[in-house]
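Dear colleague,

Please find below the structure that I am handing over to you. My notes on it follow directly after.

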Amino acid sequence: MPSFDFDIPRRSPQEIAKGMVAIPGGTFRMGGEDPDAFPEDGEGPVRTVRLSPFLIDRYAVSNRQFAAFVKATGYVTDAERYGWSFVFHAHVAPGTPVMDAVVPEAPWWVAVPGAYWKAPEGPGSSITDRPNHPVVHVSWNDAVAYATWAGKRLPTEAEWEMAARGGLDQARYPWGNELTPRGRHRCNIWQGTFPVHDTGEDGYTGTAPVNAFAPNGYGLYNVAGNVWEWCADWWSADWHATESPATRIDPRGPETGTARVTKGGSFLCHESYCNRYRVAARTCNTPDSSAAHTGFRCAADPL
């Protein structure tokens with residue numbers, strides 16, 4: 001376990017398990033072979049994975065919960081230490097100072113000095129009216145710190161995917177194969193023309209509350225869209241394609257790497273460029289990176 005500059009409280013099993021869902025474990029078919037997938041993401045091959053029972057948060061960690069952690073520990077996030085974070089261009093207020101840092105393949109990201117979890121669009125913005133929205137601008141390092149303080153951990157990619165599937169076998173989404181069954185929106189993603197106009201047909205043009213929309217079959221909310229969620233694993237596009245059958249029992253990914261897995265997609269995902277709100281979809285980022293569309297939920301071993 002990494003060392004932290006705060007005391008880790010002793011918590012009862014009941015306190016840790018509050019707000020978590022018990023996943024019974026067993027086998028499931030992980031990954032996908034969707035024709036719309038990005039080959040470089042390494043979603044396939046579909047493989048049978050066996051997991052031990054575990055617990056996972058019903059909701060992504062909220063601003064209210066993260067604020068309690070910061071108040072108790074004085075923790076300073078990576079975005080605060082670096083002095084900036086990435087904000088979606090349409091959410092940056094006119095006149096806000098910005099940096100020259102750019103992402104060539106994603107020019108809609110703007111590096112905003114002073115953007116962090118408590119000021120998600122930069123100086124002058126606030127989470128006052130978003131206590132129940134997922135915390136964002138948190139790095140993998142920040143997520144691990146919170147999870148450790150809470151007596152939990154980050155889920156492995158396999159745990160996250162099994163839980164997100166909600167008991168369905170190889171369905172595209174946590175609720176089935178149709179994105180909007182009976183015309184109903186089931187997740188917070190982009191509608192309209194990306195990246196210039198989000199119609200907000202699903203009710204949101206930014207993050208949604210952590211309990212928005214209907215839960216999946218295991219009772220988990222927003223495992224598609226809203227915010228990307230950090231997983232414990234190091235990223236690899238092909239490790240799981242060459243792994244031995246033994247490593248398909250409680251897999252934890254490669255032993256080393258330079259980036260960590262994120263799952264679930266976000267409110268910025270759109271079929272025209274990033275349909276990674278599918279359950280099998282995956283991407284990654286470096287452990288100290290943060291942005292306005294990335295959060296997390298925690299897991300724990302049975303107590």
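Strand S9 (residues 228-234) is mostly covered, with 6 of its 7 residues buried (under 20% relative accessible area, where exposed is over 50% and partly exposed lies in between, using a 1.4 Å probe and protein chains only). This is a predicted model, in which local features need pLDDT of at least 70 and side-chain atom pairs count only at pLDDT 80 or more, while totals for chains, interfaces and linings use all residues. Residues are numbered from 1 along each chain as its sequence is written, and side-chain values use heavy atoms, leaving out hydrogens and water.

Helices (H or I, at least four residues) and strands (E, at least two) are DSSP runs, numbered from the N terminus. Two strands pair if DSSP finds at least two bridges between them. S9 pairs with strand S12 (residues 294-295) in the parallel sense over 2 bridges, and Trp-228 stands opposite Thr-294 in S12. S9 also runs antiparallel to strand S10 (residues 260-263), joined by 3 bridges; there, Lys-263 in S10 is the bridge partner of Glu-229.

A nonpolar core is a set of buried Ala, Val, Leu, Ile, Met, Phe, Trp, Tyr and Cys residues joined through side-chain atoms within 4.5 Å. The largest one has 22 residues, and those touching the most other members are Phe-66, Phe-69, Val-135, Tyr-146, Leu-154 and Phe-296. Helix H2 (63-73) and helix H4 (140-149) are the elements that each give two or more residues to this core, and H4 gives the most, with 7 residues.

Yours sincerely
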